[in-house]
Amino acid sequence: MKLFFLLLLLVNVALFAWQQGAFGRFAEPGREPERIARQLEPERIRVLSEKDVQLLRERANQARAASVAASAVMPDLSVPQACVEFGDFLGADIGRVETALLGLGLGSRQTARAVELPGWYMVYVPPHKTRAEADRAAADLVRRGLKDVLVLAEGPLRFGISLGSFRDPELAKAHLSSVEKLGVKTVRMSDKPASLSATRYQFRELDAAAARQLAEIRKEFPAQSIRPCGTG
């Protein structure tokens, strides 16, 4: 009788411990919708199509190649440099970088030149009749939340408005779609890649202090590279 009582007591103790989670928890029953509902933020889960996966792979490869290329030619800006180049800059970044570069005080040792960047797809608003109309339209686009807005002053799209240029046509299409969702019905995308005119800066006879200052300026433009003259 004592043995039976002792066994019964042990069973009750074990049952209580199991209910308190001492032995872990077994998989909870439930239908599939209930299990999905218990996931962390299930609404953020999206099944990628084969096209999505391929696009992500291409972007990763491009980023990796750009990183390798940049590290291969990036000069050591902690020491004096005979000649380096910075850029290529487009749109509003030109004004920003030129303001930053004033602090270098290089005078004639700093020059800028135009370079052609091939293979870019532009997202744009077609030309307006006058510059004043284009400026008003550009200001409205900025108010809608667009950032890379530039009124084109020359060329076949004179008084048109550039909303960004992309090497990847899929990225251009995605940007086009996002602009349309802001209610911009006239937005277009170039049907074939075109060259862009960018600005590249060259610096000669940099001492160590100026080289370090240039390295600090580059942090404001992480997408831009600094390389020895004649390598890009």
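Reader: Let's start with Glu85 and Arg200: buried or exposed?

Author: Bear in mind that this is a predicted model, where local features need pLDDT of at least 70 and side-chain atom pairs count only at pLDDT 80 or more, while totals for chains, interfaces and linings use all residues. Residues are numbered from 1 along each chain as its sequence is written, and side-chain values use heavy atoms, with hydrogens and water left out. The classes are buried (under 20% relative accessible area), exposed (over 50%) and partly exposed (in between), with a 1.4 Å probe and protein chains only. On that scale, both Glu85 and Arg200 are buried.

Reader: How far apart are the closest N and O atoms of Glu85 and Arg200?

Author: A salt bridge here is a side-chain nitrogen of Lys or Arg within 4 Å of a carboxyl oxygen of Asp or Glu. Glu85 and Arg200 form one, with their closest N and O atoms at 3.8 Å.

Reader: Which residues are linked with Glu85 and Arg200 in a network of salt bridges?

Author: The whole model comes to 10 salt bridges by this rule. In the network, Glu85 and Arg200 are joined by Asp88, Arg113 and Arg227.

Reader: Moving to helix H5, what span is expected for it at 1.5 Å a residue?

Author: H5 covers residues 131–143, which makes 13 residues. The expected span of a helix is 1.5 Å times one less than its number of residues. From first C-alpha to last, H5 reaches 18 Å, close to the expected 18 Å.

Reader: Within what arc do the buried residues of H5 fall?

Author: The residues in question are Ala134, Ala138 and Leu141, while Arg136 and Arg143 are exposed on the other side. The arc is taken from the directions from the helix axis to the C-beta atoms. Seen down the axis, the buried residues line one face of H5, because they fall within an arc of 55°.

Reader: Which strands do those buried residues pack against?

Author: Contact means heavy atoms within 4.5 Å. The strands packed against the buried residues of H5 are S2 (110–125), S3 (150–151) and S4 (161–166).

Reader: Which residue does Asp135 pair with in a salt bridge?

Author: Asp135 counts as partly exposed because its relative accessibility is 35%. The closest N and O atoms are 2.9 Å apart, and the partner is Arg131.

Reader: Over how many bridges do S2 and S4 pair?

Author: Two strands pair if DSSP finds at least two bridges between them. S4 pairs with S3 in the antiparallel sense over 2 bridges, with Val151 opposite Ile161. Tyr121 has Phe166 in S4 as its bridge partner, and S2 and S4, also antiparallel, pair over 4 bridges.

Reader: Which backbone nitrogen does the side chain of Asp168 reach?

Author: Asp168 lies in the loop between S4 and helix H6 (169–181). At 9% relative accessibility, it counts as buried. Its side chain reaches, at 2.8 Å, the backbone nitrogen of Glu170.

Conventions
A polar contact is a pair of N or O atoms within 3.5 Å; within protein, one must be able to donate a hydrogen and the other to accept it, and residues adjacent in sequence count only if both atoms are side-chain atoms.
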